[in-house]
Amino acid sequence: MTMALELTDYGRELTAALEKIPGLGWEIRQVQERSHQLYLVFDEVESQRQVAEEKYYLRLYLRHTANGQEVLGESGWTANPEDDYHEALAQALERAPVVANPLFELPGPPQEYHPLVLADPRLRDQPEAVLWQVRHELTQAVGPEAEVTLAGAELFTYHRQIAYWNHTGLHGSYEETALQVQFALLAAGNGEEVECLGWRETPFLGDLDLTAYVRRYSRYARDQLQAELPPSGCFPVVLGEEALETIFDHLVAQASGEARFQGWSRLTPGASVIKDPRGDLLTLSSDPWLPGGLASRPFDQHGLALRPVTFIAANLFQQPLADKRYADYLGLPPTGPLTNLRVAPGRTPQAELLTGSSVLELLRFSTLEPNPVTGALSGEIRTGYLHHRGRRQPIKGGALTAMLDEAFRDLTLSRETVLRGTYEGPAAIRFQAMEISGA
């Protein structure tokens, strides 16, 4: 939830020093973070740690003239409470006039921040008890899994208090928590041993659902013992699990105010995003209020109050996602940058997406990062399945390649949805044709 976080003595000294400089624009972001960490080797505790830190992220803005035009010089630094800020401030003031960016204004008051619940009291107030509870749940979940053992795990809780101030008098603050679990499972059989890495992060303990994650990743580990290279060729591909978290990245990049200002976005408001679509139409939104979303927050890095905004609606581009800087550059109302990505689901049951001959279901990749300009995609397959004539064969290795602007033309979205980190949308997405390089 939003909260009133006051500047520390060090922060007040910084602010007082900045306010004495005529004509200087500035912003301070104060972050206080406390982390508790538990490390397991197999199912035994290897170590337990506590880490607390406080940092100040400062940015200075100085108007000056370059080539006969008024421009904005910028500079910044990161400060720790024990630092002597005088020298850093002097150096930042020397650097600022070297920069000549277009002018923009920082957000000012009033900003109406939406009240959000972003902190779990148990993670904030009883972090050590939570870690031991999660450790117990993890070991209990792995215990019944045949041929699978826990090789190790890292368990973390985080509590952060984040506050923002700028020279206009704007001030906002909030607190958030996070629980992160990373685990390694070993599966053995037929004289072979494979490792499967799992990861889960959530703001709230009640949303962890660790037993279900362990069960699923244990199955992946066992299946890798029988996994084969996928066939080569062009096939229908269904993406799910970890692949969902990056598959829309190039559309998000194209929709950004930065891309529009720099001239490499091909999207035009009111025009189609995907040409001549034959399948489901995409509707994409940025939602900073999404319950349980890892990118939920009341304001952005410049203190701008955030609201949900749909930037693609039924395949039509609506508006760029622009913070105050790029909104001013473009002469548009600011929306803030992308927070949580919400993708509207389709109407097809997830099970139907896997029907047909030789359908590849791909869930985990070594990397799967689309090129933000071209939409070119390539990724090595880590976990997947070939569905062929009623048989489900585990596969791994080989690579998927595609040009996403073409692949998105024939798209089917599941009606079932899932929340994964900063993504909420269809639990599975089917592309009618993608290239596979395998056996």
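The second largest cavity is lined by Y220, D223, Q224, A227, R382, T383, G384, Y385, P394, I395 and K396. A cavity is a set of points, on a 1 Å grid over the protein atoms alone, where a 1.4 Å probe fits but cannot get out, and lining residues have an atom within 4 Å of a point. The model is predicted: local features need pLDDT of at least 70, side-chain atom pairs count only at pLDDT 80 or more, and totals for chains, interfaces and linings use all residues. Residues are numbered from 1 along each chain as its sequence is written, and side-chain values use heavy atoms, with hydrogens and water left out.

About 40 Å³ of space lies in this second largest cavity; a volume is the space filled by probe spheres set on the grid points, which are joined across faces, edges and corners. Strand β13 (376-388) gives the largest share of the lining, four residues. At least two residues each come from α5, β13 and β14 (391-395). Here helices (H or I, at least four residues) and strands (E, at least two) are DSSP runs, numbered from the N terminus. By class, the lining has five nonpolar, three polar and three charged residues. Ala, Val, Leu, Ile, Met, Phe, Trp, Tyr, Cys and Pro count as nonpolar, Asp, Glu, Lys and Arg as charged, and the others, Gly among them, as polar.

The structure holds three cavities of 30 Å³ or more. The largest has a volume of about 50 Å³ and is lined by W199, R200, E201, Y213, E245, R420 and G421. Strand β6 (residues 192-202) supplies the largest share of that lining, three residues.

A pocket, unlike a cavity, is an open set of points, with protein on both sides within 12 Å along at least five of seven lines. The largest pocket has a volume of about 260 Å³. It is lined by 19 residues, and the closest to its centre are G240, E241, Q350, L363 and A427. Two or more lining residues come from each of α5 (210-224), β7 (233-240), β12 (359-365) and β17 (417-420). Helix α5 gives the most, with four residues. The lining has eleven nonpolar, two polar and six charged residues.

The 16 residues of helix α4 (residues 127-142) should span 22 Å at 1.5 Å a residue, and the end C-alpha atoms are 23 Å apart, which agrees; the expected span is 1.5 Å times one less than the number of residues. The buried residues of α4 (under 20% relative accessible area, with a 1.4 Å probe and protein chains only) are P127, V130, L131, V134, R135, L138, A141 and V142. Seen down the axis of α4, these residues fall within an arc of 140°, so they line one face of the helix. The arc is that of the directions from the helix axis to the C-beta atoms. An α-helix has 3.6 residues a turn, so residues three or four places apart point the same way. The elements that the buried residues of α4 pack against include β1 (24-41), α3 (121-125) and α5, with contact meaning heavy atoms within 4.5 Å.

In helix α1 (residues 9-19), the buried residues are Y10, G11, L14, T15, A17 and L18. Their arc, seen down the axis of α1, is within 160°, so they line one face of the helix. On the other side of α1, D9 and E19 are exposed, that is, over 50% relative accessible area.
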